[in-house]
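Visitor: I've got a model open and I'd like to learn how to read it. Can you walk me through some features?

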Amino acid sequence: MLIIRQLLKFMELLHKETGENQLAAGFALGLFMGFTPMGSLFWAGYLVMLIMFRINIGAAFLSYGVLKILSFALDPVFDRVGYSVLSMPSLRGLFIAAFQAPIVPFTRFNNTVVMGSLVVSFLLAVPFYFAMKFAIRRYRVVVVERIRNTWMWKAFKATKLFQLYEQYEKFAG
Amino acid sequence: MSNTKNSPVNFKTPIRWGGFVPLVIITTATCLYFWLFFDRHLKYGLEVGATAANGARVDIGSLKTRLLHGEILVSKVEVGNPKEPMKNRVEVESMRFKLRVPPLIKMKVVIEDSSILGIKYGTARTYSAAIPVAPKAASQFSKQVMNGFEKVLKEKVGEGEVERVGSLLEGKNLTGQAIQIGEDSNSMKNIRAAQSLIESSSKDLDAKMKALPDEKAISGIKAKIDAIGAAKVNNVEDAGRLLNDLKSVETDVSSMTNKATDAGNSVTQVTNNVTQSVNNVEKAIDEDVAYVKKKLQIPNLNLKDLTTPLLGPKLGQLLEQSLYYVELARKYMPPKKKGEKEPIAVQERKKGRDFEFGQRATYPGFLLEKAVITSALSEDPTQGDAKGEIFGVNSNPSVYGKPTTAALTANFPRAKVAGARVNINIDHVTEVAKESGSFQVDSFPVEEWVLSEGSPFFLKVLKAAGRGGLEMRFQDDELSLEMKALLSQVNYEMKTDNAKLEGILKRALANFSSFNLTARVTGKEGKIDMFMASDLGERLGNAIRQEVQAQLELANQEIRKKVTAEVAEKRKALDQALDGFKKNTLGPLDSKIKGVNDLKGQLQAQIDRINKEKDNVIKGKAQQELDKVKQGIKLPKF
């Protein structure tokens, strides 16, 4: 019963935090998740951030799903970027210290694809965040309003199903 | 009723405290996974990896990790045999690995000690170890070495040569077909080129010959010299006048000489070119003969020794396998990254490359410090008596600072394997990767060893007792592989559709119950050299050679005769053209050069004569003057 309740709560989390910032942050975090290969400790960090911060989880997963597909094509780019970064003599001392430190090697930062994807994600995250914020705003002003004014939406709103959904929304808060 | 106006502002912190419980659940699930399923998945992962490396299934009976105690226990490891899938190559009863715990938190696996107990050889499997074999992705180094080897093998053996020898033995008349080399053949092309050169050269030389002085001009000059020669020198003034006349003639003769020399040089050069061009026709005929031989599939095979054609491909397989293991070692134990001061290794991964940022006096990412292999004879007939040690298997040899070594001795009496000794040394400590290994066996059984599976004959060693060894040395991109084997008490199986060949081979193999084999491959990437010798190959080669040599020679002669006949008419015309060219140019040129040289000689003779007579006149005058002076002087009397 406890597990079911937690699962329901998790489902609920998917639809929460629908403000522009939370949605855009979700998309930006999805960018990191999509690009960074699974199996590194970075992923644990992403999951903690996703659950513990007010970020839209649905947006994060949507962004992750789309960008994961893109990442297969970008792997050679990540490999080259990662190789260049990991070969930098100026960062050599830092990398050696990190590699010899406890826990840090589990991030697999020493892998060219992981490092390359991380660097590319960091470079793209801020522009991606603002681009998504702009896109959400435009979507809400242009697309949603246009749909609301269609006769189909009005007809749907008059149905019993929609009323039931509204009651659920109220109940769920 | 809700009172929105008076409700407090719903301020949300950036932290979602509600997420704490799912996070705890996820963490607990992760711990549960490690407790319940990790061993199973590690076992599966090891099986998959080892199967891929082995080329046949590798099964692990059980695997238990006790990470807090630093222990991994593995039992019943079956390494399937890719060639005989219902048998295991090796079966290990149990393995125990003692890990250092503190490095684990740094993602380093350091096995300080391990023991491998109970080694069995050739045990039966309950199910097949065969797997769909994916083509191995060879590296550039491997590809270049194998390309170099195949090139050498092709040079030494040729393609389908042995099969064509079979056709010869079947008595096929290989030269029976019509031989037409056509207008595009090398011979015809060269004949046309030589003819055209003769034509163009004749035109050029004609112009030069016309510029040479004709008979009339030479006679004119000669007459002038003769006229001067008839004149007598009475005094110095006469001599000066005559010499001046000769000087003007000398200018004309010099000009003639220069023209003749120039024409002579041109003719020599052109004649050389034409002769060379005609000689090229001979070479072209040789090429056409070779082309026709190839077209008619006349073998070029060196039948002195059939070892390379028979066993060359097997040596290639052995080389490919050796390279596979060398590459595996270089991939998982990479040498130090080139140009780096620090001990940094880069390892190719399925996704990207892993940098191992090593530091002196630390552990590499993976290190097996020592493994002791022990196996004693038991009631189990497949279990052998083996002893061995492996030191320093690691993921960053430049950090570890010592080469990886392995030494093993084994005897499997029931399997009739005695005195097996393996020594391996993998030195990847520096930037230059060095690997060496030797594998020696004093006695081992040979069964069902196919020597030749293609046409014209199938030859297999059904049973034999073997002894031999293999030595390998790799250093960066250079390699050396040497194999020596002696097979005794050999029983052969031989099949062929060719009755004549069957008789030859049966006679050759009768009472030939032991043979040796020596093979060597050395070189560097694409420049590979190979050598193979075996008294079996020599014996078979000699037997076949006696039979086919006469036929081969006959075929060669026949082809040369036919090709020569094809070009004979044009060749004759070419020879005539060459003779005509020589006659038309060399003959007249020689006579003109001779005429000019004669003039030159006559001119010089006249110059010498006049100078001599001038000297005589001067001397006579001087004597007269001296006599006069003598008469005019009266000496006093005493």
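**Reading rings, cores and a helix**

Guide: Let's start with a charge over a ring: B:R125 lies over the face of B:Y127, at 5.0 Å from the ring centre. Keep in mind that this is a predicted model.

Visitor: Which residue lies over the face of A:F72?

Guide: That's A:K68, and the distance from the ring centre is 5.9 Å.

Visitor: How do I read two rings together?

Guide: You describe a pair of aromatic rings by the distance of the centres and the angle of the planes. Over all chains, the structure holds 21 aromatic pairs. Take A:F99 and B:F357: their centres are 6.3 Å apart and their planes make 70°, an edge-to-face pair.

Visitor: Where do A:F99 and B:F357 lie?

Guide: A:F99 sits in helix 5 (residues 92-100) of chain A, while B:F357 is in strand 6 (residues 353-357) of chain B, so the pair joins two chains. Both A:F99 and B:F357 are buried. They also belong to one aromatic cluster, together with A:Y83, A:F95, A:F109 and B:F355.

Visitor: What does A:S87 touch?

Guide: Leaving out residues up to four places away in sequence, A:S87 touches A:R92, B:K337 and B:F355. You'll find A:S87 in the loop between helix 4 (57-86) and helix 5 of chain A.

Visitor: Is A:S87 buried or exposed?

Guide: The relative accessible area of A:S87 is 19%, and buried means under 20%, so A:S87 counts as buried.

Visitor: And how should I think about a nonpolar core?

Guide: In soluble globular proteins, nonpolar side chains tend to be buried together. Here the largest nonpolar core has 48 residues, and B:F149, B:L319, B:F515, B:V521 and B:L540 are those with the most contacts inside it. Strand 13 (residues 478-495) of chain B supplies the largest share of this core, 8 residues. There's also a second, separate core of 24 residues, with B:M188, B:V270, B:L578 and B:F581 among them.

Visitor: Which residues does B:L319 touch?

Guide: Not counting residues up to four places away in sequence, B:L319 touches B:V145, B:M146, B:F149, B:L479, B:L481 and B:V521.

Visitor: Last one: how do I read a helix, say helix 8 of chain B?

Guide: An α-helix has 3.6 residues a turn, so residues three or four places apart point the same way. Helix 8 (residues 307-332) of chain B has 26 residues and spans 36 Å from its first C-alpha to its last, close to the 38 Å expected at 1.5 Å a residue.

Visitor: Where is the kink in helix 8 of chain B centred?

Guide: On B:P313, with a kink of about 30°.

How values were computed
Residues are numbered from 1 along each chain as its sequence is written. Chains are lettered from A and ligands numbered from 1 in the order in which they are written. This is a predicted model: local features need pLDDT of at least 70, side-chain atom pairs count only at pLDDT 80 or more; totals for chains, interfaces and linings use all residues. Side-chain values use heavy atoms; hydrogens and water are left out. A nonpolar core is a set of buried Ala, Val, Leu, Ile, Met, Phe, Trp, Tyr and Cys residues joined through side-chain atoms within 4.5 Å. Buried means under 20% relative accessible area, exposed over 50%, partly exposed in between (1.4 Å probe, protein chains only). Helices (H or I, at least four residues) and strands (E, at least two) are DSSP runs, numbered from the N terminus. Contact means heavy atoms within 4.5 Å. The expected span of a helix is 1.5 Å times one less than its number of residues. The bend at a residue is the angle between axes fitted to the seven residues ending there and the seven starting there. Rings of Phe, Tyr and Trp (its six-membered ring) pair if their centres lie within 6.5 Å; planes under 30 degrees apart count as stacked, over 60 as edge-to-face and the rest as tilted. A charge sits over a ring if NZ of Lys or CZ of Arg is within 6 Å of the ring centre and within 35 degrees of the ring normal.
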